[in-house]
Amino acid sequence: MHYLLSWPVRLLVVGLLILSIAVDGAGYIQRILNHQPLTGQVSGMPPQLLGNQVYIHRGLDLQGGTDLLLQITDVPPGRDMNQVQRDTIDVISKRINKLGVSEPVINPVGRDRIEVQLAGVSAAKAQATIGNTARLVTTKWVADANVKGGPFPGSRPQITPLTSEMLTGADASLDPQNGNQWVINVTYNSQGAAIFSQLSTEAFNATCPNGATDCPQHRITNWLNLTQDDIVHWDERAAQLTLPFDQGGKLLVDARIIQPITGGQSQITGNFTADSAKNLAILLNSGALPGNLQVIQSTEVGATLGADSIKRSLAAGVLGLLIVIVFMIFFYRLPGLVASVALLFYAGLTLAVFKMIPVTLTLAGLAGFILSVGMAVDANVLIFERFKEEVRSGVSVGAAVETAVGRAWPAIRDSNTATLITTGLLYLAGNGPVKGFAITLFLGVLVSMFSSIIVTHNLMALVVENHNAEHSFLMGVTLPLRRGRA
Amino acid sequence: MAELSRPGAARRPLSGEEVTGEPVATPSRRLDIVGRRNVFFAISLLIIVPGIISMLTRGFLLGIDFQGGTELFLKFSQPANQAQVEAVVASENVNGTVQKGANGTYIVRTRALDPAQQKKIVDDLDSKVAPIDRSQIQANQVGPSVAREIVTSALLAVLAAAILILLYLAFRFRRVRGGWRAGFQFGGSALLALLHDVFLLTGIFSILGKVLNLRIGEIDSLFLTAALTVVGFSVHDTIVVFDRIRENLVLSDRLGASRLTFEQVVNLSILQTAARSIITSFTVLLVLAALLLFGGQTLQGFVLALLIGILSGTYSSIFNASQLLVVWRKVQPVR
């Protein structure tokens, strides 16, 4: 273990110390000088390290926000699930961008799920923005004698091949013809235009039964999210479905075709307000979801609650660290002081690692970090207990430091490896809070092994070399001591 | 082990112990922790058996992440009457229960509701009972299928961790007299001590949640996190003792004819490491106390689980793990 005291190792320790001070502190100095907020990402601020802004990434439970786990359902058969997942993520990203949330997280989970994390957004709003499957469904009407209810007894809607995916644009405007009604102008691509042209021609040319001049077959109807299931249960659901979409129904516009429409342009004239027209246009514009999205897990944390949790955990962390330092100094005297310095080094370096990776700190993550402090202390305790034993058996202080570190190492290595195994597996298998806990404990244990074996060891050696180390009170050992190395 | 071959090490084979040329008397007859192992096993069983009975007959009080459902933490900005809150929740037809917390907070638990449905309940409570501070809301919803997956993946993780730890310990202790077989005895005993802590912890929580009907005995992801920490900590503690046994076995073998019996080595090692075990656990308990003071209501169950687990882990590492190893060696002697 003697090589640990060589100058390259000491240089490494000093280097890491400077790095962690820089990482922990530089961000704050830059922020203070530029009068910017001390936490979180600041848009427009130049990057501080490797192209990133350095700051503690707070989990949603610490800053408030919503975490949704969405299941993709009702995917048309034959579609490649990976592609569907990618497309869905694209669409969700477009929609979320319109919310202006900083650092939204949108991750694929498994094959058919997506996790979305939005800071400062309520769950209801997040769901409304993401989950609105604004699928424009176009139907024609076919005669069906079984249909008794609905707006047109004797006719049932039939979904046409014209889908939302053929939309190239949608925008809300005041109707150019009468100027006081909001409408949505939609444009189809060439495929859609061809289908729409064919549909409108068929509707225009349809002959009504019994020689009537108007009948449902002359109509093309636009719905929002109408499903095949709705049509199967048409008799029971028609009354609800034909309500305007902003009153809980799905009807957008039901238009009688008075001439074939060949240009691929269409106008939706619901009873829109300026807001509802614009929102619908945004939804249609940001693309259609290939399937439906179902919220299977959601977590919402209010903003002040998150801030409150941060205050509490910080207080717990600082208090915990202080108690441990006081206890160590009281119990081990000078070595305890050395360990406390090593512990502060450890805390600073771990924090710097968290900022650089970056690790998103959650409440459970903070618990993991605080526990890793406990493990860091344990490594020191192992060394010091061993140190006392060696000194009591009559070895010089200098040699005792070496032997203690050497003898404590297998125990520190094996016990921490067991923790690394457990936390590593937890990180791989766990979900949200468990993952957050595992990553901080894992990194904390790695850093703590370094800090106890190298930092504590070197500091102890320095103290022993340069000071009046035989003073038994300072060393916390009651037997008389000799000076120097054996 | 390079450090054992140092001259200093040979001069002082067993720190703190008198080693004479005479056949060694049982070290520290006063503190024969290994000899009284049956007493310590009995104490453990006394706590674990009722817990296991409770687990088998009553099961667990499951939190929403393991059962599926919705949990709303609400804070009214004006005093709210519990009966009124309950009436509004009942009118929503969501299988809701209401629990009153401190400082005007309420916890409403229902079947799994999506955010839009959750918002309706909050809006209704807001308009019919008292204004709700929306910045203090916490809402969790977990679908039943997700809950099953969380449990399955957690159990798999624990199982995999147990196997890996067993293999790792067998590997690390394979140089002990007896080779890999001895290695597996060390690893197996550490695992048994770990099972002791897990059963004790889950048993006590089963009793708290289902027999005493206390919410703090709820099994949720935070409890899972705590249990896994305990697993890590317990193995950590046990390994420190085992490591000392490994070291002392080597030193004792150098004494030739006067070497200590396995039992004596184990007892000595426990005594030598006990101070460290207790000091470390004590510092962790200090940190936990800080967490308990500041952590807030949601963390109380978590801190309690850690407290029980770490006490149990310390106990099992001193009073059970090595004793199990001694029993195992008697049943299946090496060399």
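Start with a strand pair that spans the two chains: select strand β12 (residues 292-301) of chain A and β5 (138-142) of chain B, which run antiparallel and are joined by 5 bridges. Helices (H or I, at least four residues) and strands (E, at least two) are DSSP runs, numbered from the N terminus. Pick A:Thr299 and you'll find its bridge partner, B:Asn140, in β5(B).

A word on ground rules: this is a predicted model, where local features need pLDDT of at least 70 and side-chain atom pairs count only at pLDDT 80 or more, while totals for chains, interfaces and linings use all residues. Residues are numbered from 1 along each chain as its sequence is written, and chains are lettered from A and ligands numbered from 1 in the order in which they are written.

Now widen the selection to the whole sheet. Its 8 strands are open and antiparallel in their pairing, in the order β3(A)-β4(A)-β2(A)-β12(A)-β5(B)-β2(B)-β4(B)-β3(B); two strands pair if DSSP finds at least two bridges between them. The edge strands, each pairing on one side only, are β3 (105-109) of chain A and β3 (97-100) of chain B. Neighbouring strands are turned by 20° against each other on average, direction ignored.

Next, colour the chain contact. It takes 64 residues from chain A and 61 residues from chain B, with residues counted as in contact if their C-beta atoms, placed from the backbone, lie within 7 Å. On chain B, the elements giving two or more residues include α8 (221-253) and α9 (262-294). That side divides into 32 nonpolar, 21 polar and 8 charged residues (Ala, Val, Leu, Ile, Met, Phe, Trp, Tyr, Cys and Pro count as nonpolar, Asp, Glu, Lys and Arg as charged, the others, Gly among them, as polar).

Which way do α9(A) and α9(B) run relative to each other? Select helix α9 (residues 303-332) of chain A with α9(B): they pack at about 150°, axes 8 Å apart. Axes are lines fitted to C-alpha atoms, for helices over the stretch in contact, and angles run from 0 to 180 degrees between N-to-C directions. The two helices are therefore roughly antiparallel (over 145 degrees). Show the side chains of the contact, among them A:Leu319, A:Ile323, B:Leu286 and B:Ala290.

Methods
Contact = placed C-beta atoms within 7 Å. Parallel < 35°, antiparallel > 145°, perpendicular 65-115°, else oblique.
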